[in-house]
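Colleague: Could you take one part of this model and walk me through it closely? I'd like to hear which way its residues face and what they touch.

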Amino acid sequence: MHSTERGRVVLTGATRGVGLATALQLAALGHPLVLPVRDPDRGAATRALIQEANPSAVVDVLPLDLAALSSVREFAALFADRIGSWDALVNNAGAILVPERTLTIDGFEMHLGVNHLAPYALTGLLLPFAAPGARVVTVSSLAARWGRIQFHDLRWDHGYSPFRAYAASKRAGLLFARRLHAKAQDEGLAITSVATHPGYSVSEERLKSPRTFYERVIGQGYAAGAAANVRAVTDPSLRGGEFLGPGNLLQTAGGAKIVGPPPLRDELEVSGRLWRLSGQLTRIPW
């Protein structure tokens, strides 16, 4: 999808941070937005903010709680009834460094459930409504480099660590994006799958704070962090399988470029196992 086509974008996690910056930039380019939100009041405030900056913006807000698969199913049904089709799906929302081990309504560890299993299910349920040439953008993280998927203990019943659980979920997201690209090629699906990461993106307040000098050196604001997402949606040269992120040496800041993924040992075996398991756990195999 080319940016000038102004296709409809479904964007999760749009009420704050990089997600909000992504929504503002896509709306400025003329893309109609569908924002799945957990908090209706926050969703309404986000729509008002986007339309204040872009008075002609078309913004639909629908309820979605990624920590409940029943909500994912309800969202997909509501989307089919009210909206009907999409040109890009940006799986941006995520749980980040949950301090204590927490389970979703369905009994999944929170990071894995919200950051991978729910996007897997959401993408599968929305796939029948994808316009030809639609793009699926999966937002990963620099932390994926250190992630290890513990198939023997996906709930982190033993030795829970917020960072390790978060990193594992973001590695799962990256593997999902790459497996979806291969699936699209093998099965002739008319979609493009791309992964992104926002680098080290923080609020403008933190960038300006004298107490966070290191963040000013290696980091960037949310608006810059959104660049990879926006390019993933709008760049007509992308063919699928790319990983987009900030272009400096550490991939923490800078303009959005195609970057190398972290080493993915036994990718075919691990991603295949993860895909099958995701279908079994969500009961939405596709």
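Modeller: Here is a close look at one helix and its aromatic neighbours. This is a predicted model, where local features need pLDDT of at least 70, side-chain atom pairs count only at pLDDT 80 or more, and totals for chains, interfaces and linings use all residues. Residues are numbered from 1 along each chain as its sequence is written, and side-chain values use heavy atoms, with hydrogens and water left out.

Let's take α10, residues 267–282 (helices are DSSP runs of H or I, at least four residues, numbered from the N terminus). Its 16 residues reach 22 Å from first C-alpha to last, close to the 22 Å expected at 1.5 Å a residue (that is, 1.5 Å times one less than the number of residues). The buried ones include Leu-274, Trp-275 and Ser-278 (buried is under 20% relative accessible area, exposed over 50%, with a 1.4 Å probe and protein chains only).

What does the buried side pack against? It meets α3, α4 and α5 (contact means heavy atoms within 4.5 Å). Trp-275 is buried at 11%, and Phe-176 in helix α5 is buried at 3%. Their ring centres are 5.5 Å apart with planes at 20 degrees, so the pair is stacked (ring centres within 6.5 Å, planes under 30 degrees apart, using the six-membered ring of Trp). That pair links parts of the chain 99 residues apart.

Methods: Helices (H or I, at least four residues) and strands (E, at least two) are DSSP runs, numbered from the N terminus. Rings of Phe, Tyr and Trp (its six-membered ring) pair if their centres lie within 6.5 Å; planes under 30 degrees apart count as stacked, over 60 as edge-to-face and the rest as tilted.
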